[in-house]
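Reader: I would like to learn how to read a structure of this kind with care. Could we begin with the terms and then turn to the case at hand?

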Amino acid sequence: MSEENQVEEQPKPLILQKLEANHADALLAHDETRGTVVVVVRKEQAYAVLEYLKTDPELAYTFLVDVTAVDNSQMESELMQFDYARFMVVYQLYSYQGQCRARVKVPVHESDLNIPSVTSLWQGANWLERETYDMFGINFEGHPDLRRILMPDDFEGHPLRKDYPLRGRGERERFNFDKQNV
Amino acid sequence: MQGGLERATGEKMVLNFGPQHPATHGTLRIVLELDGESVLKATPHAGYLHTGFEKLGEHLDYNQYIVVTDRMNYLSPLSNNFGYVLAVEQLLGIEVTKRCQYIRILMAELSRLADHLLWLGTAALDLGAFSVFLYSFREREKLYSIFEKTTGARLTTSYTRVGGVFRDLYDGCEEDVRQFVTNFPKALKETHTLLTKNRIWMDRTKGVGAISADDAISYGLTGPCLRATGVAHDIRKAEPYSSYDEVTFDVPVGTNGDAYDRYLVRMEEMIQSCGIVTQVLDNMPDGSVNLEDNKITMPDKSDAYGHIEGLIHHFKIVMDGHGVQPPIGEHYCATESPNGELGFYIVSDGSGTAYRIRIRPPSFLHFQALPHMLEGGMVSDTVAVLGSLNVIAGELDR
């Protein structure tokens, strides 16, 4: 994921050229795997980079395909590379104009789970960010309605974190049908 | 869509639509705020069918997880099987045999037909057209017989394997499929005569639940719902996977992005799928359906049960730490499922189980856009719009 590994002969993808020209300070790493450009950007500039990718007329990544996160707490290689940031928020983008994909990854430390919401750029980000909040506890700042979406409202914990056990923490055993407010 | 608000009385009523409602086809819930018969606000709720598929993916090995993919979009499990193994294979950097690719296209297109047929039947039934339901289920039943003979199951097909498919097509499969695609356009014409120029059907769907192309992209709509707005985008064309570049087909588009256009787009897609199926059968290559790589492919069942070498081979593949182990890395693979873009984002830590599997379901984003299509309309349109989106609870909640 570093510049030294880049093969010299291949032309640099347009998205990388433009990002290096305009947002060089935001880039932590970049890579190209199987036709998809992957860029890792600083959290502080994440919104600006995503806005740029969407609005730039030559790039036009107008379609936010997916927002999700990965808990890297058991992935030593990723942890070492990005300053022991536990979470990686992942945005999948697609450009209808250029018919190409891009992946933007943003490292998020457990001590500060806030990250700017992109709901103002894409309407579809609303539920995707809610799900990421529900499953990982990432706090999307500026989100209009950051509630749980798949888990019940009174659920405690975030199930897709690696420290959450597969079979739960006894929620099933403790569930009391009589006390449920219907 | 218009006309409801003018007769507003100023009194609000909250209507709970679902999770147990005949028109929700699964456990969906929408809370509607009504003024008279017009919808002021719609709030969709998801999560009733949440089963933790993504968490399960971190605990099952790559072949075991195929069983879980059956249960996502339970109307076209073969498409899910296909999309998932394709993601794993691309992560492994392998390409399956030509025959296998063709068989997968064949099954994916047949399951697109089955999915669209079920959608057609139930969407029409919701609006009171009972005959269409019977006609489409009659055709769908023929497809399910083919699926059952090919995969051994009607619903939980689990047909694909990493590096191949569970087994080759059965003897006589080609005749069965050919017979189906020969008769199907005629059967679909019956539905056209029942619905396409039907005054009631047009009144109930034209202009209902309309969305513009820009809004559809912003909301992340894909598949027939996006194409109904006029965006001619199909992943099978834009990023051809698994030999889709070797078949010719058209991408039907609509203009208004309303429920009627979604209906027309799906109807035409069924005809196009029949064309793809015919081409696939005409050019079906011979050879093995499985990759000849014993570190990836499961042995033949008769081998595993009948010979000690086969048994050892089987054991080595399924034993933790010996089977399919993609290198450290990540991959996002999108396929055109009947509902839209079905994506699998897999992060591998080099072991036999995925470090993280993210499923990007089309229905999740379609259901999110529902308020945009409903608000300002009439309460009876709710059923028409929800039907036209084809939200599948299994893939919505995963």
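Author: Let us start with handedness: a crossing is left-handed if the near helix is turned anticlockwise from the far one by less than a right angle, and right-handed if clockwise. Helices (H or I, at least four residues) and strands (E, at least two) are DSSP runs, numbered from the N terminus. This is a predicted model, in which local features need pLDDT of at least 70 and side-chain atom pairs count only at pLDDT 80 or more, while totals for chains, interfaces and linings use all residues. Residues are numbered from 1 along each chain as its sequence is written, and chains are lettered from A and ligands numbered from 1 in the order in which they are written.

Reader: How is a pair of packed helices described, and at what angle do α4(B) and α5(B) pack?

Author: Two packed helices are described by the angle between their axes and the distance between the axes. Axes here are lines fitted to C-alpha atoms, for helices over the stretch in contact, and angles run from 0 to 180 degrees between N-to-C directions. In chain B, helix α4 (residues 98-126) and helix α5 (residues 130-151) meet at about 160°, and their axes are 8 Å apart. Angles under 35 degrees count as roughly parallel, over 145 as roughly antiparallel, 65 to 115 as roughly perpendicular and the rest as oblique, and α4(B) is therefore roughly antiparallel to α5(B). The crossing of α4(B) and α5(B) is left-handed.

Reader: Which residues make that contact, and how do they divide by class?

Author: Two residues are in contact if their C-beta atoms, placed from the backbone, lie within 7 Å. On the α4(B) side the contributors include B:L110, B:L113, B:L117 and B:G121, and on the α5(B) side they include B:F133, B:S136, B:F137 and B:R140. For classes, Ala, Val, Leu, Ile, Met, Phe, Trp, Tyr, Cys and Pro count as nonpolar, Asp, Glu, Lys and Arg as charged, and the others, Gly among them, as polar. On that scheme the contact of α4(B) with α5(B) has 15 nonpolar, three polar and two charged residues.

Reader: Are α11(B) and α16(B) roughly parallel or roughly antiparallel to each other?

Author: Helix α11 (residues 259-282) and helix α16 (residues 381-389) of chain B pack at about 30°, with 9 Å between their axes, and they are therefore roughly parallel. Their crossing is left-handed. B:A259, B:R262 and B:Y263 of α11(B) make this contact with B:A384, B:V385 and B:S388 of α16(B), which by class gives four nonpolar, one polar and one charged residues.

Reader: What should I look for in the phi values, and what is phi of B:N390?

Author: Most residues other than glycine have a negative phi, and most peptide bonds are trans. B:N390 has a phi near 55°, a positive value in a residue other than glycine, and its place is in the loop between α16 and α17 (393-397) of chain B. B:R398, in the segment after α17 of chain B, has a positive phi of about 45° although it is not a glycine.

Reader: Is B:N390 buried or exposed?

Author: A residue is buried if 20 or more other C-beta atoms lie within 10 Å of its own, exposed if 12 or fewer, and partly exposed in between, with C-beta atoms placed from the backbone. B:N390 has 27 such atoms within 10 Å and is therefore buried, and B:R398, with 26, is buried too. B:T43, in strand β3 (residues 38-45) of chain B, counts as partly exposed because it has 13 C-beta neighbours inside 10 Å.

Reader: How many residues of chain B are in contact with chain A?

Author: There are 32 of them, in contact with 27 residues of chain A. The elements of chain B that give two or more residues to this side include α1 (53-57), α8 (213-218) and β7 (340-348), and the largest share, four residues, comes from β7(B). By class, this side of chain B has twelve nonpolar, twelve polar and eight charged residues.

Reader: What share of the residues of each chain count as buried?

Author: Of the 398 residues of chain B, 54% count as buried, and of the 182 residues of chain A, 37% do. Chain B has 17 helices and eight strands, whereas chain A has five helices and seven strands.
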